[in-house]
Amino acid sequence: MVINTWAGPCFGAATAAAWETLAAGGSALDAVEKGCTRAEELQCDRTVGFGGSPDESGETTLDAMVFDGDSMRAGAVADLRRIKAATSAARLVMDHTRHSLLAGEGASRFAMLMGLPSGSLATSESRMMWSKWRLDRCQPNFWHNVSPDPAFFCGPYRPAQQAQQQAQRQELADQQQIQQHRWPSRHEGHDTIAMVAIQAGGSTAAAASSNGATHKVPGRVGDGAIPGGGAYADSAVGGCGATGDGDVHLRFLPCYQVVESMRQGLSPTQAAEDAVRRIVKHVPAFVGALVAVSKDGRHGGAAHGWQFVYSVASGASGGVVETVEINPIDSSSSMEQR
């Protein structure tokens, strides 16, 4: 089985690539690498791979991770520059180092040393996105409690002295503004592909890939590079993938929670809903979603703040990519599939 946080033609092609790898005898780890790599190559929704989500300096950088549910080993890259094959770079970290995460220029040099080609990750489209943002006074952005006022001006910024209460109100207002800009509908602006695969023998693997938040502060690392945040797997239990506000996910590690909740007997849907509700309790404006699959093939998900559609391919479907739509948990109950 392969489960992917998103559906539609582009993400469906990524799910199909992962399934074809499994069907040809590849491992679960091979499958999630191939699936996420396909999304990177196709630049799915410009939120995965090169040519999308420029940071404040106009540069596109990538985060990616692979996680082996047999060995519980991870490989990840963050703030990766000039390397298009981010998921493969993460796999190389797992296979050829004793580390779990490499970041920035060091990650790029490592990937080139391992034989991955390098080149600009910018395109004419990403350059135009950045130019338009600059002309629009750098709105929206991810700054708060700085001077000049980031709601009206571009940087450079310096810390501003404000009362704690005022700073907290500003943070909430900025967060809501950013989310409204980044996620206007269920098919626009989401920023991560996360995938879980289970091979015939039960081995489970997960992966994630993203070009991060549009107009992020340079150097920002999202949940796509962090085990338990963007994805997680344990072959004894199942796996999870996350998409949405990666900065919030990093505070809660929802995929780790989902897998541990399934270990305690919750179904995939129950585990995903519980994790989302935990986030929403502290961050009411949260926008995101989780998908989960148990080792016996049950799968489900939960979302908050948007309609959400994920894709699945399995032996039961003959490898045909199917889609499942999830309503936000604050307006309707989620679904669970078998």
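This is a predicted model: local features need pLDDT of at least 70, side-chain atom pairs count only at pLDDT 80 or more; totals for chains, interfaces and linings use all residues.
Of the 338 residues, 57% count as buried.

The chain forms nine helices and 15 strands. Among contacts with a separation of 6 or more, 64% are between residues 24 or more positions apart.

The UniProt record, an unreviewed entry, lists Thr-192 under "active site". Thr-192 is found in the loop between α6 (164-182) and β7 (193-198). Is Thr-192 buried or exposed? Its relative accessible area is 0%, and because buried means under 20%, Thr-192 counts as buried. Leaving aside residues up to four places away in sequence, Thr-192 touches Thr-5, Trp-6, Val-48, Ala-208, Ser-209, Ser-210, Asp-223, Ala-242 and Thr-243.

One of these neighbours, Trp-6, also belongs to an aromatic cluster, together with Trp-306, Phe-308 and Tyr-310.

Aromatic rings also pair elsewhere in the chain. The count comes to six aromatic pairs. One of them joins Phe-67 and Tyr-232, with 4.8 Å centre to centre and 45° between the planes, a tilted arrangement. Phe-67 lies in strand β2 (residues 62-68) and Tyr-232 in strand β9 (residues 231-234), so this pair ties together parts that are 165 residues apart in sequence. Both Phe-67 and Tyr-232 are buried.

Tyr-232 also takes part in an aromatic pair with Tyr-256. Here the geometry is edge-to-face, at 5.3 Å centre to centre and with 75° between the planes. This pair, too, links distant parts of the chain: Tyr-232 is in strand β9, Tyr-256 is in helix α8 (residues 254-263), and the two are 24 residues apart.

Why does Tyr-232 count as buried, and why does Tyr-256 count as partly exposed? Buried means under 20% relative accessible area and exposed means over 50%, with partly exposed in between. Tyr-232 counts as buried because its relative accessibility is 11%, whereas Tyr-256 counts as partly exposed because its relative accessibility is 39%.

Lys-84 lies over the face of Phe-50, at 4.1 Å from the ring centre.

How values were computed. Residues are numbered from 1 along each chain as its sequence is written. Side-chain values use heavy atoms; hydrogens and water are left out. UniProt positions are given in the numbering used here, feature names are shortened, and annotations may be inferred rather than shown by experiment. Helices (H or I, at least four residues) and strands (E, at least two) are DSSP runs, numbered from the N terminus. Buried means under 20% relative accessible area, exposed over 50%, partly exposed in between (1.4 Å probe, protein chains only). Contact means heavy atoms within 4.5 Å. Rings of Phe, Tyr and Trp (its six-membered ring) pair if their centres lie within 6.5 Å; planes under 30 degrees apart count as stacked, over 60 as edge-to-face and the rest as tilted. A charge sits over a ring if NZ of Lys or CZ of Arg is within 6 Å of the ring centre and within 35 degrees of the ring normal.
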